[in-house]
Amino acid sequence: MVPSRRLLLKHLAFRAGTIAPLGGLISTAPDGTVEVGWPEVVMRARRLAAGLLARGLRAGERVGTLAFNDHRHADAYFAVPCLGATLHPINVRWNLQETSTVLEHTRDRILFVDAGLMTRGLELAATCPWIEYIVRFGPPLDDEPDNPRPDTLEIIDHETLLDAAEPIAAWPDLEEDALMGMCSTSGTTGIPKTVAYSHRTTCLQTMALGLTDCMRLSGRDTVLAIVPMFHALGWCFPYACGMLGAGLVLPHRDLRPERILDLITDHGVTTSVAVPTVWNAVLAALDANPGRWNLDHVDRVVSGGAAPTEGMIRRFRDEHGVEVIHSWGMTEINPVGTMSPAATTREEAGFEPDRRLRHQTVAGRPLPGLAVEIVDEEGLPLPHDGTTTGRLLVSGWWVAEDYAFDHPDGDRFGPDGRLDTGDVASIDDRGRMAIRDRAKDMIKSGGEWISSLALERAIGDFPEIEGCAVVGRPDDRWGERPVVFASLHEGASLDVETVRDRLDHDFESWQRPDELLIIDSIPLTSTGKIDKKTLRAGLRT
Ligand code: ADP
């Protein structure tokens, strides 16, 4: 195939440099907020490319990052894949052992490390002798450890690396199946799984993000990228903004809701992407500080990675004029699978606001290029009637074919290209998919299934609740029974009888929890999802 016809990131990610020279990145790291115009983003990527080539970067090798969302991380996002190497953003919240276990497989020789994470970077260099270079993002912190460094390790300042080299003149031509990136799941249900993305899959995913009926993203937007760049390629937003010329605000490490709201106000953010726990915290901060922030320019936000409650979507709409676009995705699918704006078709645009809101509470339609279906235990197709639930299979343009390295769950990738997502879902006659639960989180009581997610979404909207999670407790008589863990707003109280009474309308008696455990806060995973592994372990002790 002629190179210019191949789906290569270099053909779309640098478009903003020409079409939106006045726009760019706003990067808010602790060493200073900087604005980097799109033409400069392009030039910095070329400089970094030259610096990496001077360090012997080879096509196909993995280049790790241990960093937060900032402009230097964006440099690596653009330069490494376009040179033909594989960008490997590492979850900064993993411990040393988890990180070095992944590095055993990926063997990154060059590691970009945020100045605030140098202790971990140096520990890794001591454990993983194949690391030859640490490129530090930002000036060294006063407390940077001075522990002995391997002789083979060179530490380079990122800006020095950029300044030392003449920018490369042109990006190489690659095959579109070349691997551009590699990310691991957050490990919500077990050992993290590593997935590789190609130029082809990432280009297609990025193009789909730019569709109007996805999230109405355009070059007129300013996007606050809250979702970490180490999680599922930052949901490809750096590339989508580079393609469209949208402004991109990078918040670095401090993601307290008050700071998020300051960034939204100060930089005229029009849209943003995060998990529901972040959006719930933002709502609580807005409640606690009426009138402090101006959200007039925020048109819609994307909530993905876990299920939002209806109350959260409604409150954003009614109290702040913001549409919540619900999204479902997985690391295994590059990662966005569905988006659920309030209305996409002409028919839906004419629906009553509350009917449209109900569409936002479900995960929604697969993006063009993807297909979803539901099957029973034998793998037979189930009807798309909006109520029948079954195992969710997904197939299409950016669904991975396998994990990058052996994993016990590798058998969920079918030879026919269908991935068993591990989720249980229903699909309606207009193609809208609703996640009912993760299969591993469903509770089997007296031979019948109870959806932990349905209970969480209902209880999560009680006014007393700050956060809640439902897990199954082993039970001699019923097999399992649902237990609610809840953290309450200050001064609130709640008992299990009240919970059961309020659920009376939507749940049968046997589906309702018979135990409520009040805790200070709901434990979250490194990507802000409910950490049910920890809650279940607590039940056993
Ligand atoms: P992990 O499985 O470790 O959390 P991922 O971040 O890849 O790793 O998570 C993908 C999973 O997250 C999905 O299979 C699904 O269970 C859950 N998920 C993602 N989006 C949603 C959503 N909108 N509603 C409910 N669950 C979701």
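**Domain contacts and strand pairing**

Student: What is the salt-bridge count between domain 2 and domain 3?

Tutor: The count is 0. A salt bridge needs a side-chain nitrogen of Lys or Arg within 4 Å of a carboxyl oxygen of Asp or Glu. Between domain 2 and domain 3, the count of such pairs is 0. This is a predicted model: local features need pLDDT of at least 70, side-chain atom pairs count only at pLDDT 80 or more, and totals for chains, interfaces and linings use all residues. Side-chain values use heavy atoms, without hydrogens and water, and residues are numbered from 1 along each chain as its sequence is written.

Student: How many residue pairs are in polar contact between domain 2 and domain 3?

Tutor: 10, with both residues at pLDDT 80 or more. A polar contact is a pair of N or O atoms within 3.5 Å; within protein, one must be able to donate a hydrogen and the other to accept it, and residues adjacent in sequence count only if both atoms are side-chain atoms.

Student: Which elements give two or more residues to the side of domain 2 that touches domain 3?

Tutor: α12 (310-320) and β20 (433-438). Helices (H or I, at least four residues) and strands (E, at least two) are DSSP runs, numbered from the N terminus. β20 gives the most, with 4 residues.

Student: What makes domain 2 and domain 3 separate domains, and where are their bounds?

Tutor: Domain bounds come from an automatic or database domain assignment. Domain 2 is 255-397 + 404-438, and domain 3 is 442-540. Contact means heavy atoms within 4.5 Å; 16 residues of domain 2 meet that test with 14 of domain 3.

Student: How much area do domain 2 and domain 3 bury between them?

Tutor: About 1,100 Å², 50% of it on carbon and sulfur atoms. Buried area is the accessible area (1.4 Å probe) that two parts lose on being put together, summed over both. Thr-277, Thr-309 and Asp-437 supply 37% of what domain 2 buries against domain 3, more than any other three residues.

Student: What makes β12 and β13 paired strands?

Tutor: Two strands pair if DSSP finds at least two bridges between them. β12 (271-274) and β13 (300-304) have 4, and run parallel. They therefore pass the pairing test. Ala-274 stands opposite Ser-303 in β13.

Student: Why are β2 and β16 edge strands?

Tutor: The open sheet has 9 strands, in the order β2-β1-β11-β10-β12-β13-β14-β15-β16, with mixed pairing. β2 (32-37) and β16 (365-366) each have a single partner strand, so one side of each lacks a neighbour in the sheet.
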